[in-house]
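Please look over the sequence and the fold shown below before reading on. The paragraphs that follow lead from single residues to the whole chain and back again.

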Amino acid sequence: DEYILYPNYPNPFNPVTTLRYTLPSESAVQIAVFDILGREVTALVNEVQTPGEHLVQWDGDQFKSGVYFIRMETDSKILMQKVLLLK
């Protein structure tokens with residue numbers, strides 16, 4: 001009964017990683033990727049979603065190797081995690 005952003009798999013990754021998250025209730029969800037300087041580089045999800053477990057993939061093929069941050073924002077919670085893209 002809580003918002004959960006699970007560790008991505010694989011991590012480090014090249015070039016695709018999968019993000020898994022759980023919503024306890026219907027929520028507006030925004031998931032975006034930020035670079036080490038805090039700039040948003042891509043948006044992965046921006047919609048209202050049903051309760052339960054969800055998956056989304058990020059294809060980092062067009063991005064440079066390095067550390068990125070995944071930010072999941074819902075109606076009542078903000079979660080972040082660090083990911084590593086290695087090419």
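Does E2 count as exposed or buried, and at what relative accessibility? At 52% relative accessibility, E2 counts as exposed, where exposed means over 50% relative accessible area, buried means under 20%, and partly exposed is anything in between, using a 1.4 Å probe and protein chains only. Before going further, note that this is a predicted model, in which local features need pLDDT of at least 70 and side-chain atom pairs count only at pLDDT 80 or more, while totals for chains, interfaces and linings use all residues. Residues are numbered from 1 along each chain as its sequence is written, and side-chain values use heavy atoms, with hydrogens and water left out.

E2 sits in the segment before β1, and, leaving aside its neighbours within four places in sequence, E2 is in contact with T22 and P24, a contact being heavy atoms within 4.5 Å.

Turning to the chain as a whole, the protein has zero helices and seven strands, with helices (H or I, at least four residues) and strands (E, at least two) taken as DSSP runs and numbered from the N terminus. Read from the N terminus on, the elements run β-β-β-β-β-β-β. The radius of gyration of the protein chain is 13 Å, close to the 12 Å that the globule rule gives for 87 residues, so the chain is as compact as a globular protein of that length; the radius is taken over C-alpha atoms, and the rule is 2.2 Å times the number of residues to the power 0.38. Along the principal axes, the C-alpha atoms fill a box of roughly 35 × 25 × 15 Å. Of the contacts in the protein chain with a separation of 6 or more, 56% are accounted for by residues 24 or more positions apart.

As for the surface, 37% of the 87 residues count as buried, and the chain exposes about 5,300 Å², of which carbon and sulfur atoms supply 49%; these areas come from the Shrake-Rupley method with a 1.4 Å probe. There are 7 positive and 11 negative side chains, and the centres of the two sets lie 12 Å apart. In that count Lys and Arg are positive and Asp and Glu negative, with His and the chain ends not counted, and each charge is placed at NZ of Lys, CZ of Arg, CG of Asp or CD of Glu.

The loop between β1 (4–5) and β2 (16–23) holds P10, and P15 is found in the loop between β1 and β2 as well. A cis peptide bond joins Y9 and P10, with omega about -10°, and a cis peptide bond also joins N14 and P15, with omega about -15°.

Two further loop residues can be followed in the same way. I36 has its place in the loop between β3 (27–34) and β4 (40–49) and is exposed, with a relative accessible area of 58%; beyond its neighbours within four places in sequence, I36 is in contact with V67 and F69. T50, found in the loop between β4 and β5 (52–59), is partly exposed at a relative accessible area of 46%. Leaving aside neighbours within four places in sequence, T50 is in contact with L23 and E26, and the C-alpha atoms of T50 and T22, which are 28 residues apart along the chain, are separated by 9.7 Å.

Finally, consider the aromatic residues. Rings of Phe, Tyr and Trp (its six-membered ring) pair if their centres lie within 6.5 Å, and planes under 30 degrees apart count as stacked, over 60 as edge-to-face and the rest as tilted. By this rule the count comes to four aromatic pairs. W58 and F63 form a tilted one, 5.4 Å centre to centre with 55° between the planes, and W58 and F63 are both buried. F13, W58, F63 and Y68 form one aromatic cluster. Y68 lies in strand β6 (residues 66–73) and counts as buried at 7% relative accessibility. Not counting residues up to four places away in sequence, Y68 touches residues including V33, F34, W58, F63 and L85. Y68 and I36 are 32 residues apart in sequence and 5.8 Å apart in space, C-alpha to C-alpha.
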